[in-house]
Amino acid sequence: IGTDPASMLWMFPLLAAIAIIYKTTKMRVLFWGRFIREVLVLFVTLSGFMISAIIVLNLITWLATS
């Protein structure tokens with residue numbers, strides 16, 4: 001898997017699976033509405049962090065190589 005922007009799209013299914021599995025193991029009682037809401041919040045949080053990390057690392061790489 002490369003590091004171009006198109007190949008970075010492969011991280012979203014992985015992040016969705018991580019959010020679903022994590023919330024499934026942490027919730028004592030599954031209520032579908034609450035479960036979906038918490039999974040979406042965790043997915044958006046993880047996605048935001050990963051996107052910001054990708055931007056920062058690409059910027060550092062660009063500055064170091066130019």
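What separates Arg-34 and Glu-38 in helix H2? In this predicted model, the two residues lie four places apart in helix H2, and they are therefore separated by about one helical turn. Their side chains meet in a salt bridge, with 2.9 Å from N to O. Arg-34 itself counts as partly exposed, because its relative accessibility is 42%.

**The overall chain**

The chain contains two helices and zero strands. Its radius of gyration is 15 Å, well over the 11 Å that the globule rule gives for 66 residues, so the chain is more spread out than a compact globule. Along its principal axes, the C-alpha trace spans about 55 × 20 × 15 Å. Of the 66 residues, 15% count as buried, while the chain exposes about 5,400 Å², of which carbon and sulfur atoms supply 76%.

In soluble globular proteins, nonpolar side chains tend to be buried together. Here the largest nonpolar core is made up of five residues, namely Ala-19, Met-27, Phe-35, Val-39 and Leu-42. Helix H2, residues 32–65, gives the largest share of this core, with three residues. Leaving aside neighbours within four places in sequence, Val-39 is in contact with Ala-19, Ile-20 and Lys-23.

Ser-47, also found in helix H2, counts as buried because its relative accessibility of 8% is under 20%. Not counting residues up to four places away in sequence, Ser-47 touches Phe-12 and Leu-15.

**The charged pairs**

Side chains of opposite charge can pair when their charged atoms come close. The count of salt bridges in this model comes to two, as the table sets out.

| Salt bridge | Distance, N to O |
|---|---|
| Glu-38 and Lys-23 | 3.4 Å |
| Arg-34 and Glu-38 | 2.9 Å |

The pair of Glu-38 and Lys-23 meets in a salt bridge, and this pair links distant parts of the chain, with Glu-38 in helix H2 and Lys-23 in helix H1, 15 residues apart. Is Lys-23 buried or exposed? Lys-23 is buried, with a relative accessible area of 17%. Returning to the opening pair, Arg-34 and Glu-38 also meet in a salt bridge, and salt bridges that share partners join Lys-23, Arg-34 and Glu-38 into one network.

Conventions:
Residues numbered from 1 in each chain as written. Predicted model: local features only at pLDDT ≥ 70, side-chain atom pairs only at ≥ 80, totals over all residues. Heavy atoms only, no water. Core = buried A, V, L, I, M, F, W, Y, C linked by side-chain atoms within 4.5 Å. Buried < 20%, exposed > 50% of the residue type's maximum accessible area, 1.4 Å probe, protein only. Contact = heavy atoms within 4.5 Å. Rg over C-alpha atoms; globule rule 2.2 N^0.38 Å. Areas by Shrake-Rupley, 256 points an atom, 1.4 Å probe, with all protein chains shown as cover. Salt bridge = Lys/Arg side-chain N within 4 Å of Asp/Glu carboxyl O.
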